[in-house]
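Please read these notes with the structure open beside you. They are meant to be followed point by point.

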Amino acid sequence: MTMPFYAPPEQMMKDKADYAQKGIARGRSLVAFRYDGGIAIVAENTSSTLRKVSEIYDRIAFAGVGRYNEFDQLRIAGVRHADLKGFAFSREDVDARSLANAYAQSLGQVFTHEFKPMEVEILVAEIGLDADGRGDQLFHILYDGTVVDEDDWVVLGGETEEISERFAEALPDAPRSLADGVRAAVAALAGPDRTLTAESLEAAVLDRGNDRRAFRRLGDDEVATILTG
Amino acid sequence: MSLPRFGPHDPGPDFAALLRLTSTGPEVGALGAAAQHPHAPPEIPHGTTCVAVRYDSGVVLAGDRRATAGHLISNHRIEKVFPADRHSGVAIAGAAGPSTEMVRLFQLQLEHYEKVEGTPISLEGKANQLGQMVRANLPSAMQGLVVVPIFAGFDTAASRGRIFEYDVTGGRYEERDHAATGSGSLHADTVVKLGFRPSMARAAAVDLVLDALYVASDADSATGGPDPVRDVFPVVAVIDADGYVRLDDAELRRRTERLLRRHRSRREGDKGDAS
């Protein structure tokens, strides 16, 4: 007769959390912040084809760190969720909060019920309809389904403490320009010992000035101009 | 609404397939099933004439504003020309309800693919997608709910405007220079055919489609002419390398007034010759 091993639930949850955190810490981090024209997301990413930041809906963007295949699966699920909702109801009924809740439930479900937790942290960003950015939202969702409603900026990934410290120091007070924010983000991601070039960065914005679809990627040229400027 | 995840039956970037897999959307093809009823609804709104013309750096797509239900005019300012995505547009003649629904699904299909795959569908691929949707509508079409679109866009790979016509079975035919669909298409197409010049300028192409719709409205009761009293003009869209742009009413009013002056002076000229 086999005896089942007993592991206390606290230990199991802690093991899972450690496992997920380790996986996330292996990847590169990303920074998102509000600027005078919308929300910008800057990620360290050496690949120019495998994206960490992408468009979900008209005013909603997605960003993920950790295991690529896992957050990309979540990204596609988010696009489907948003497009189905917009088709069944109306485009203005699609919002980041409901999407963030769906993500949180999905991640929480996986964390408690499945053998392997997802090694991801994701961000759902939405720009509001007001010109002064009052309706902007940043939802930071962790591997276990925890949702944090961020106010002005957020760092996702490994070494978040160090990066957050550097970013808080370098980031000018709101309202700030896109260029100032991007320079602060890149300096914070790089740290004191490295310099990051435009080729190893991925940047995108939700631009209030755009038409219906606010999401826009910043090209390498554009990022390089900002970094030298 | 929880996150949709599928496993082995994953629909990929196909929104129409996703819609079939979930119960949240309206039943696709429900109209087709309803149309199996021996008596199709007799007098539902129909939209009519649309034309497309290629010019030197893109395409012009235009449609009149009338919807008819039987012998009645059911709408004076319906729109039949829509952006499909940034570089393409679709103009639809036929039963108004299924037409607008097809456009909505088509627009979303293109955007959904682009977001999921991270790259837009090729122009040819978009034309094929629309063909599949028209074909899916065939059972309804056999019962009178016909939808016949024109698809036009700027092919960013080939750097030129392209036009596609369809028949009710979803057959897709690329037209080199111009196309027309709907009840007034015979008259409109004749005007376009006579006025067309290779490598026309944009302004000339816009004037040509306005003239074509005007002449069609003169001969076909289901096609609406320009209405300066209500300020209703055809919907005209221009698609070039910079994308889809719908012309504003001020420009259309100016061009329509000039067109009407031209027709008037031609008639006055005729009178002069006769006397």
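1. The model is predicted. Please keep that in mind for each point that follows.

2. Start with two helices of chain A: α4, residues 160–170, and α5, residues 178–190. Their axes come within 8 Å and cross at roughly 150°. Angles over 145 degrees count as roughly antiparallel, so α4(A) is roughly antiparallel to α5(A). The crossing of α4(A) and α5(A) is right-handed.

3. Which residues meet where α4(A) and α5(A) touch? From α4(A) come I163(A), R166(A), F167(A) and A170(A). On the side of α5(A) they meet A184(A), A185(A), A187(A), A188(A) and L189(A). Sorted by class, this contact has 8 nonpolar residues, no polar ones and 1 charged residue.

4. Next, the contact of chain A with chain B. Chain A contributes 17 residues and chain B contributes 15 residues. On the chain A side, the elements giving two or more residues are β3 (53–57), α2 (68–88) and α3 (96–113). Of these, α2(A) gives the most, with 10 residues. The classes on this side of chain A are 8 nonpolar, 4 polar and 5 charged residues.

5. The chain has 275 residues, of which 44% count as buried. Among contacts in chain B between residues at least 6 apart in sequence, 66% join residues at least 24 apart.

How values were computed:
Residues numbered from 1 in each chain as written. Chains lettered and ligands numbered in written order. Predicted model: local features only at pLDDT ≥ 70, side-chain atom pairs only at ≥ 80, totals over all residues. Axes fitted to C-alpha atoms, helices over the stretch in contact; angles between N-to-C directions. Helix = DSSP H or I, 4+ residues; strand = E, 2+ residues; numbered from the N terminus. Parallel < 35°, antiparallel > 145°, perpendicular 65-115°, else oblique. Left-handed = near helix turned anticlockwise from the far one by under 90°. Contact = placed C-beta atoms within 7 Å. Nonpolar A, V, L, I, M, F, W, Y, C, P; charged D, E, K, R; others polar. Buried ≥ 20, exposed ≤ 12 C-beta atoms within 10 Å, placed from the backbone.
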